[in-house]
There are 2 protein chains.
Amino acid sequence: MTNAPETSAEDSLIARYFKPLATDPGALALVDDAAILSSSGEDIVVTTDAVVEGVHYLATDPPDTVARKALRVNLSDLAAKGASPAGFVLTLALRSKEDAWLRPFADALGEDAKTFACPLLGGDTVSTPGPQMISITAFGRVPKGRMVGRTGARPGDLVFVTGTIGDAALGLDVLTGGAAAAAVTDPAARGYLIDRYRVPRPRNALASIVRDHASAGMDVSDGLAGDLAKLCAASGVSAVINAHHVPASPAAAIAVPVVGLEKLVSGGDDYEILCTVPEGRSAAFSRQAALAGVEVAVIGTIISGQGAPQWIDAQGREVTLWRLSYSHF
Amino acid sequence: MTNAPETSAEDSLIARYFKPLATDPGALALVDDAAILSSSGEDIVVTTDAVVEGVHYLATDPPDTVARKALRVNLSDLAAKGASPAGFVLTLALRSKEDAWLRPFADALGEDAKTFACPLLGGDTVSTPGPQMISITAFGRVPKGRMVGRTGARPGDLVFVTGTIGDAALGLDVLTGGAAAAAVTDPAARGYLIDRYRVPRPRNALASIVRDHASAGMDVSDGLAGDLAKLCAASGVSAVINAHHVPASPAAAIAVPVVGLEKLVSGGDDYEILCTVPEGRSAAFSRQAALAGVEVAVIGTIISGQGAPQWIDAQGREVTLWRLSYSHF
């Protein structure tokens, strides 16, 4: 007797949900254990970020937003490094293989992969008795030696951030009944903040402009204050930041009198770009960013020194931040 | 007042345990969110495999073996694809940051990274309330267009496997009180099987030889029978396998009369290479493998057809396998 051809449930899951996403020739239609990332002498930028149910997203978050968040937190890293997306691999740790969750998850992931020109190259699907987890490793390309690092900030450089800061942390508050939940009652404002928490808006449109002008850059994931401190430490410099210049959305502006500035700048999950630009290049940077449709704001200046960045208010008084960022431990 | 410099517990964890492993210049000493994989026109082979506590390893497995397994299951993929290791990124989902677990984990990971010339390039450390999980994406290099795929097996090719098959599945049985636990009583044999379950022996020494001679290849991770069926399906061929030619270790040979052949060929976790070699190249393949110190065995022949591979015993009778491989769902 010939053994009956068998397709494991894992293989069917991959074929059903993820094979349609694997449009890149290097993905080998997901029939192999490995994928091929072709290169022609440029640098491949590699970044990896995982999202865990109950930690980075809520068990009640819709599966389509979970998919977008999982990919976009990685796209955001590529943008801040000045890299063009080249593809990603996905590890999915699942409790079950329910179509009601996987179908919208895979569809949204496929849409984002197309929108950001970052195709699925491969992955691994495993079962877990615990919380679901999505780990993505994403690849980008930059001309050799041109990745924007963290170590190049120099005294006199201007400190820029994209978009608005703090929305995602406030959105999480709204979802979980934190302080911002009581402060922001307007449904449209609440909806805006929740959406910012669930679906990051990575600034990939700015990648090549960051690469052309920034001396250092990173994305804001753990909190602006803490991430800036890391960038300064890596560059061996300090900074003076005008707290009142940190861009806030109208919805966040409603919350600030109640929750305080610290919530915005230490909450994390912003996925905006923080970068330093030499003063002589700042006008070109701002102009090109505007042409690319990305709002950027100057929030301060890099200074020499080893101390942590100083935050000052509109009256020139120092602002004390007790918490700089989110930490997992 | 200047804000006190703050290092998050996550950053200290990375600096303490993993920075010493990040010796490659592309790792940027782990001070960046991203790493650089330089290229010079070759193909980058990408593979990703996760191990989950309670699924791929036992909660009681020593942390050093967990580290080695997490990396080696990926190294095994690179070997089967004919690729030289280039580096890896690590996502670590941890419940706690106990030194008693992390210290031996990181030390063993560093040793293996050095042994296999596969440096740590970056990673992400997240907290989870659930089982620990280690997801690794590993990179290899092959000359352009030379990755060994799954689709090139042709009728007449010989089917080779490296090492011995089934040891890991039996080792898991010994650890968990399965059928093999009663069958294998000799402490040395039990220890051997347990070690094969906990610490795969990826065949990276064979990578370039596989690349030079194999028409198709993959590593045996889910079970030899199922993995062979996948390779045949991808190549549009079938195979005849001599079950009695499947190489078994002395310890496994003790267990076979009790647990049956199916346990060996469907249990998985072998991390041996399964490959097909045109007959005219098989002598050179065997000779070069011997020089590289890797035992290889011919277990059958590729035939034309769409059916699942046929397994036959020493008397030429067909062997029915009810289960071909491990599936997560």
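Predicted model: local features only at pLDDT ≥ 70, side-chain atom pairs only at ≥ 80, totals over all residues.
UniProt positions are given here in the numbering of this model, and such annotations may be inferred rather than shown by experiment.

**Entry 1: the annotated site**

I looked up which residues the UniProt annotation "binding site" covers. The record, an unreviewed entry, gives Thr48(A), Asp49(A) and Asp124(A).

**Entry 2: Thr48(A)**

I placed Thr48(A) in strand S2 of chain A, residues 43-52. Is Thr48(A) buried or exposed? With a relative accessible area of 5%, Thr48(A) counts as buried, because the cut-off for buried is under 20%. I then listed what Thr48(A) touches, leaving out residues up to four places away in sequence. In chain A the contacts are Asn74(A), Ser135(A), Ile136(A) and Thr137(A). In chain B they are Val89(B), Leu90(B), Thr91(B), Gly123(B) and Asp124(B). I also found that the side chain of Thr48(A) reaches the backbone oxygen of Ile136(A) at 3.2 Å.

**Entry 3: Asp124(A)**

I found Asp124(A) in strand S4 of chain A, residues 120-127. Asp124(A) has a relative accessible area of 10% and is buried. With residues up to four places away in sequence again left out, Asp124(A) touches Glu10(A), Leu90(A), Thr91(A) and Leu92(A) in chain A. Across in chain B, Asp124(A) touches Thr48(B), Asp49(B) and Ala50(B).

**Entry 4: the interface of chains A and B**

I noted 79 residues of chain A in contact with 80 residues of chain B. The area buried between the two chains is about 6,400 Å², and carbon and sulfur atoms give 56% of that area. I found 26 residue pairs in polar contact across the interface, both partners at pLDDT 80 or more. Several elements of chain A each supply at least two residues of the side that touches chain B, among them helix H1 (9-18), S2, strand S3 (84-94) and S4. S2(A) gives the most to that side, with 9 residues. The count of salt bridges between chain A and chain B is 4. I looked at one of them: the side chains of Lys81(B) and Asp32(A) meet at 2.6 Å, N to O.

**Entry 5: helix H1 of chain B**

Which residues of helix H1 (residues 9-18) of chain B are buried? I found Ala9(B), Glu10(B), Leu13(B), Tyr17(B) and Phe18(B). They lie on the same side of H1(B), because the arc they cover around the axis is only 115°. I then checked what the buried residues of H1(B) pack against: strand S3 (84-94), helix H3 (99-115) and strand S4 (120-127) of chain B.

Technical notes
Residues numbered from 1 in each chain as written. Chains lettered and ligands numbered in written order. Heavy atoms only, no water. Buried < 20%, exposed > 50% of the residue type's maximum accessible area, 1.4 Å probe, protein only. Helix = DSSP H or I, 4+ residues; strand = E, 2+ residues; numbered from the N terminus. Arc of directions from axis to C-beta. Contact = heavy atoms within 4.5 Å. Polar contact = N/O pair within 3.5 Å; in protein donor to acceptor, adjacent residues only side chain to side chain. Buried area = accessible area lost by both parts, 1.4 Å probe.
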